[in-house]
Amino acid sequence: MTVTPGLGTPLPASPELLRSVFRRHAAGVAVITAPGAHGPVGFTATSLTSVSAEPPVVSFGIGTGGSSWPAISEAAHVGVHVLGEHQRELAATFARSGADRFGAPTRWRKGPEEVPVLDDVLAWMVCRVVARVPAGDHRIVLAEVVLGDHSGAGSPLLYHQGRFNGLRD
C-alpha cells in the first residue's frame with residue numbers, strides 16, 4: 001500500500017470507516033413513507049437517488065433491522081418526500097427510533113394508493129415498488145414514479161457531519 005504525502009494513513013474497510021467517510025459527504029434529506037398494517041410508517045433517508053428518466057425510477061436504501069422495514073418490505077407503493085431546510089425537526093423525528101413520527105406536530109394526509117403524504121415539503125412523489133435488492137444489512141428499493149408535486153418553496157435540507165443543515169452559498 002502506497003501512502004501519498006499530505007494524506008492520512010489508509011485504513012482497512014470497516015463500518016466505522018464508511019460512516020466517517022460519509023459524514024464528510026453532504027447529502028439531500030428525504031423522508032420515505034408507506035402504509036403499514038398497524039398504521040403509517042416512515043424514515044429519514046439520505047440515500048435517495050434518481051436511477052432512470054424513462055421510465056422515471058428512484059432508489060433508496062433501508063436497513064432490514066429498522067422499524068419501517070417490515071412495512072416497506074411488503075408495500076406496493078411508497079411516498080418519497082424531499083425536505084426543505086425549514087424541516088430539520090421533521091427529519092430528526094423520522095430519524096429517531098421509537099418516535100411517534102405521524103403524531104403532532106407532523107402534518108400529513110392519506111394520498112394516492114393510501115400512501116402517507118407529508119405537508120409543506122419541497123417535493124413529493126408516490127412510487128410503485130418494482131424491486132428490493134439485497135445489499136448487506138440493507139435493501140436497495142427501486143420504485144417507479146407514479147405521480148408527484150414539485151411546487152414546494154424553499155431551499156433543500158442537507159445532512160453533513162452528522163447534522164441537518166441548510167444550503168449555503
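Which residues does UniProt give the feature "domain: Flavin reductase like"? The record, an unreviewed entry, puts this feature at residues 22-166; UniProt positions follow the numbering used here, feature names are shortened, and annotations may be inferred rather than shown by experiment. The model is predicted, so to speak of local features takes pLDDT of at least 70 and side-chain atom pairs count only at pLDDT 80 or more, while totals for chains, interfaces and linings use all residues. Numbering starts from 1 along each chain as its sequence is written, and side-chain values use heavy atoms, with hydrogens and water left out.

**View 1. The annotated span, residues 22-166.** Its end C-alpha atoms sit 18 Å apart, and the span is 11% helix and 48% strand. Helices (H or I, at least four residues) and strands (E, at least two) are DSSP runs, numbered from the N terminus.

**View 2. An open sheet of seven strands.** Reading across, the order is E3-E2-E6-E9-E10-E5-E4, with antiparallel pairing (two strands pair if DSSP finds at least two bridges between them). E3 and strand E4 (49-53) are the edge strands, each pairing on one side only. From one strand to the next the twist averages 35°; axes are lines fitted to C-alpha atoms, for helices over the stretch in contact, and angles run from 0 to 180 degrees between N-to-C directions.

**View 3. E9 and its partners, E6 and E10.** Strand E6 (residues 77-82) joins strand E9 (residues 123-135) through six bridges, and His77 stands opposite Arg128 in E9. E9 and E10 pair over 11 bridges, again antiparallel, with Arg128 opposite Glu144 in E10. The hairpin of E9 and E10 has two residues between the strands, and Gly136 there takes a positive phi near 65°.

**View 4. The largest pocket.** How big is the volume of the largest pocket? It is about 1,400 Å³. A pocket is an open set of points on a 1 Å grid over the protein atoms alone, where a 1.4 Å probe fits, with protein on both sides within 12 Å along at least five of seven lines; lining residues have an atom within 4 Å of a point. Grid points are joined across faces, edges and corners, and the volume is the space filled by probe spheres set on them. The lining has 36 residues, and Thr44, Thr46, Ser47, Gly61 and His138 lie nearest the centre. H1 gives the largest share, five residues.

**View 5. E5 beside E10.** Seven bridges pair these strands in the antiparallel sense, and Gly61 stands opposite Ile140 in E10.
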